[in-house]
Structure formats: structure tokens, C-alpha cells
Amino acid sequence: MQTKYDEPDVGESEKPLETAPYEALTFTLSTPPAGFTIGATADITVRIDGLATDKALPEVTYVWSSSDSDEAIIRLVADNATATIEAVGAGSTTVTVTCEEYPSLTASAEITVIDGENPYPSMTLTLSGVPSSFYAGSSATMTATVGNYPASVTAPVTLTWRSEDEGIFIVTDAQTSYAGVPMTATINAVSPGTSTLTVTCDEYPSLSASVDIRVTPAEEARYNKIFVDFGLETRTSVSPWNNIVKFENYELKDEMGLDSGVSIDLSSWTASNKYEEYYTTGFSTAGDIEFNGIVFTSAQYQDWLFSNNVAEASFTINGLDPTLTYEMTTVSIRWNSAANIREMSLELKGEGEVQNSGTIHQGIKCKDALKEGEEAQEPYCFEDDWSAIDWSDYCKIFTLKPDASGTITVTLKAKSVETTSTNQQAHLNALVITPIKPEEE
């Protein structure tokens, strides 16, 4: 594409300017369009720089070209010092303008055309946090993450969250402005059924993700586990654990965050019974406790409820279904204790006979944590390390029905042991209540 530069007319009374030598001149292209989408047009202009005030421009022929020779990305229409660019397809090409008479005069610019539907094809949108068990009345937090988010993008994209059937679940508290940090929304179950959650980018509709979410009939929630952590207000556990930190009556949430209708009543306990923690030095290999398919972290086992110098102390679990059988899993340890030996037992009473744990030696301290000169006191101190501990010595399983009023009574019994200390202590770190489905009994 060649176009001639027309020199301006010189008046008869004006002295013609001397033509500038081309070696002193340069070509400069105007700034290419940003955010150039398919179907759009834009002009780009070449300017000749370096012209002295007493010099005239030489006659110049502009030659425009594009590295996209087959016009798959842009179509270029030249008109002297200006070229009109029409965006045809997504991609990048280099537009170059040169001077036919003086080949050293040249300038180039990269033109990028984006697909308005998906300007960044490498970007992805993923959803996480899909609830595996979801009951009417419960809620869950889901997260949307945009992958390969371009660092060059300064304006955030907007995400829209939508439930296909709001009679099954609805979306609330949705974060919608994405600027590189994952966003969340609350999914609220309404009634049984399956609906699709779709998250779409408003600016780039092809960037979207969907997932099917099933809401289970609410009556199935009666078989959800209930997690209870006894201990200090300063050392609480995250959901789904219920934190029992005072001598009060607590209404419990189940593992899905639903009101279980079950409560624990500690209001009758006295000042002789305490909450305490003991984790001053720690094990070199301490980790989680895994027992009966349940993981107990240090947040649960490093503090506890205990009876102190009291032969026994009880609390009640109320609001249980008297037609169901419950599995109660307990943890009773005095973590990192070897010198102060404590023996105890747990008793649970519901319908029928009292169930007793037998003797629990609560002190736990591995030999790799013993101080210099300190002797191991079997069976309160183990020969190896954390991985050698048999947790069935400390974690117990009780299977029983509540009484006719839906109550199970839990009693901590401390035993007197001949040691350097005469204290009697019985500890309870955590409790997991699992309703058993009739067909599983």
C-alpha cells in the first residue's frame, strides 16, 4: 500500500523552504488501540519527527503492511499517513509503516485483537467447597477461583452466581468482584432435589463453571455426627466442632451446621471441676490422633474439661432420640504428662446398664520428650514416639440408647494413685456423638 505525501503549496511571496534531509527524520506511530475486540475499527497515524522549522518535508510515499498477511487478525486500509484497522479475529500482529523513498524511515506497532467472549483463553474458572451432604435448612460456603488471571489486567472481572432452581437452593452473600483473590458465596438449602449452580463472568461470558448440588431430605440429618470439644475459650476448635468452655447448657450444631436439637448441660458442675490446658513443652513428633475414623487435632486434645480432687462428676447429654442407638467416641488424655500419673474411668448411662470404660491411664509423654534424668513411668510413658501410641488406651467407644427422656449421663471418675502427688483428676478432651441408622445396627 503506497501513498504519496503532498507538500504544502508555497505562496508566490513566500520563499520556498529548503527540503529537510531524510537522515534527520524519524517515523512515529500513534498509540495502538487497547482492548481491541473483534468487529471494532480504529485509526493509526504515522508522524514525521525531526523537522526543523526552516525545512520542508521531502516528498514521502507511505507503505503500510501487516505481519498478518492473510488478514485473519486485521484488515488494513491505508490512506496516506493514516491507516484504518478493522479487527477480524483474535490474535496479535505487527503493523509496519515504511518510507519508499527512504527505507530507513520506518515504525512498527503490535496490534492485539481479543475475543470479547473470551479475551484470555488461558483463564479458567473453578468451583470448590461443594457440600457432600446437604439438608434443607443448612448452608455451605463455596469458592470460585479464576486461574491464569493475567497480571496485566487491572480492572476486576465480575462474577454472577445463579441457582437453576431456587426452590432447591438459593445463593446469598455472593462476592462478585474478582481482582485476583478467590471469591465466596453462601449456598442455602431449601428443599430436597438437585439444582445446578452456575458462576459466569459478566465481561467474558465464555468463562463460566457449573456444578450440580443435591439437597437431601431433612429427616436424613438426624444421623449427622455431632462434634464436641471441651476446653478453654482461648483454644477453640473450628467448625464443625462445638466448643464447650463454661459450666452452662449448650445447644449443639451437627456436622452440617444444623441445629441438632441435642444439648450438653454442665450447669451443675462446681468450682472443683475445671477447664485447663497443658502443652508447655510438647512432643517432638506430636501429630493428629486418628481413632474410629475420626481425626482429633491438637486443638481438641491439648486442653480439656476435668474433675479435680473429686471422686466423680457428671453432666448430661439431652435431646437425643430415644428410639436410636448412639455411638459415643471419647478422648481422655493429660497431654505431655508422665511425672503426674492420673488414672480414671468414664461411665455412660442411658437405657439399661451403665457402660464403663475401664481404667484409663491419662498421662502421655513419649520417651523422646523426656528431660535429662527423667525416668519413663510405664504404662504412662511410651518407648518410642507419637506414632507408637495405641490410642485405644485413651480413646473409647460406647454404644448405647438414651433413656426414655432422650438423656445420656456421662460421669468422669478419678482414681487415687500412689505417686508423688495425691491429686485425683479425670479428663475429657473431646466427644463425638454418632447416631446409628437402624439398618446399620
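**Reading the features one by one**

Modeller: Let's start with V245, which is buried because its relative accessible area is 17%, and buried means under 20%. Before we go on, keep in mind that this is a predicted model.

Biologist: Where does V245 sit, then?

Modeller: V245 is in the loop between β21 and β22.

Biologist: Next, rings. How many aromatic pairs does the structure hold?

Modeller: There are eight aromatic pairs. One of them is F247 with Y275, which is stacked, with 5.3 Å from centre to centre and 25 degrees between the planes.

Biologist: Why those two values?

Modeller: The general idea is that a pair of aromatic rings is described by the distance of the centres and the angle of the planes. For F247 and Y275, the 25 degrees between the planes goes with the stacked label, because planes under 30 degrees apart count as stacked.

Biologist: Which parts of the chain does the pair of F247 and Y275 tie together?

Modeller: F247 lies in the loop between β21 (241–244) and β22 (249–253), while Y275 is in strand β24 (residues 273–277), so the pair ties together parts that are 28 residues apart in sequence.

Biologist: Which residues do ring pairs link into a cluster?

Modeller: That cluster is made of F230, F247, W269, Y275 and F315. So you meet F247 and Y275 again there, because the cluster is linked by ring pairs.

Biologist: On to charges. How do I read a salt bridge?

Modeller: Look for a side-chain nitrogen of Lys or Arg within 4 Å of a carboxyl oxygen of Asp or Glu. A search of the whole structure gives seven salt bridges.

Biologist: Which partners does R75 have?

Modeller: R75 forms a salt bridge with E71, where the closest N and O atoms are 3.7 Å apart. R75 also forms a salt bridge with E86, with the closest N and O atoms 2.9 Å apart. R75 lies in strand β8 (residues 74–79) and E86 in strand β9 (residues 82–87), so this pair ties together parts that are 11 residues apart in sequence.

Biologist: What about D321 and R222?

Modeller: D321 forms a salt bridge with R222, and the closest N and O atoms are 2.3 Å apart. D321 is in the loop between β28 (312–318) and β29 (325–331), and R222 is in the loop between β19 (208–215) and β20 (226–230), so the pair ties together parts that are 99 residues apart in sequence. R222 is partly exposed, at 38% relative accessible area. Going back to E71, R75 and E86, salt bridges that share partners join them into one network.

Biologist: And which residues form the negative surface patch?

Modeller: E164, D165, E166 and D212 form the negative surface patch. E164 lies in the loop between β14 (157–163) and β15 (169–172). E164 counts as exposed because its relative accessibility is 55%, and exposed means over 50%.

Biologist: Last topic, the backbone. What should I look for?

Modeller: Most residues other than glycine have a negative phi, and most peptide bonds are trans. Here, a cis peptide bond joins S239 and P240, with omega at about 15 degrees. P240 is in the loop between β20 and β21.

Biologist: Which residues have a positive phi although they are not glycine?

Modeller: Among them are E71, with a phi of about 55 degrees, and D173, with a phi of about 50 degrees. E71 is in the loop between β7 (61–66) and β8. D173 is in the loop between β15 and β16 (177–178), and D173 counts as exposed at 62% relative accessibility.

Note on methods: Residues are numbered from 1 along each chain as its sequence is written. This is a predicted model: local features need pLDDT of at least 70, side-chain atom pairs count only at pLDDT 80 or more; totals for chains, interfaces and linings use all residues. Side-chain values use heavy atoms; hydrogens and water are left out. Patches are made of residues with over 30% relative accessible area and no salt bridge: like charges are joined within 9 Å, nonpolar side chains (Val, Leu, Ile, Met, Phe, Trp, Tyr) within 5 Å. Accessible areas come from the Shrake-Rupley method with a 1.4 Å probe; for residues, only the protein chains shown count as cover. Lys and Arg count as positive and Asp and Glu as negative; His and the chain ends are not counted. The place of a charge is taken as NZ of Lys, CZ of Arg, CG of Asp or CD of Glu. Helices (H or I, at least four residues) and strands (E, at least two) are DSSP runs, numbered from the N terminus. Buried means under 20% relative accessible area, exposed over 50%, partly exposed in between (1.4 Å probe, protein chains only). Rings of Phe, Tyr and Trp (its six-membered ring) pair if their centres lie within 6.5 Å; planes under 30 degrees apart count as stacked, over 60 as edge-to-face and the rest as tilted.
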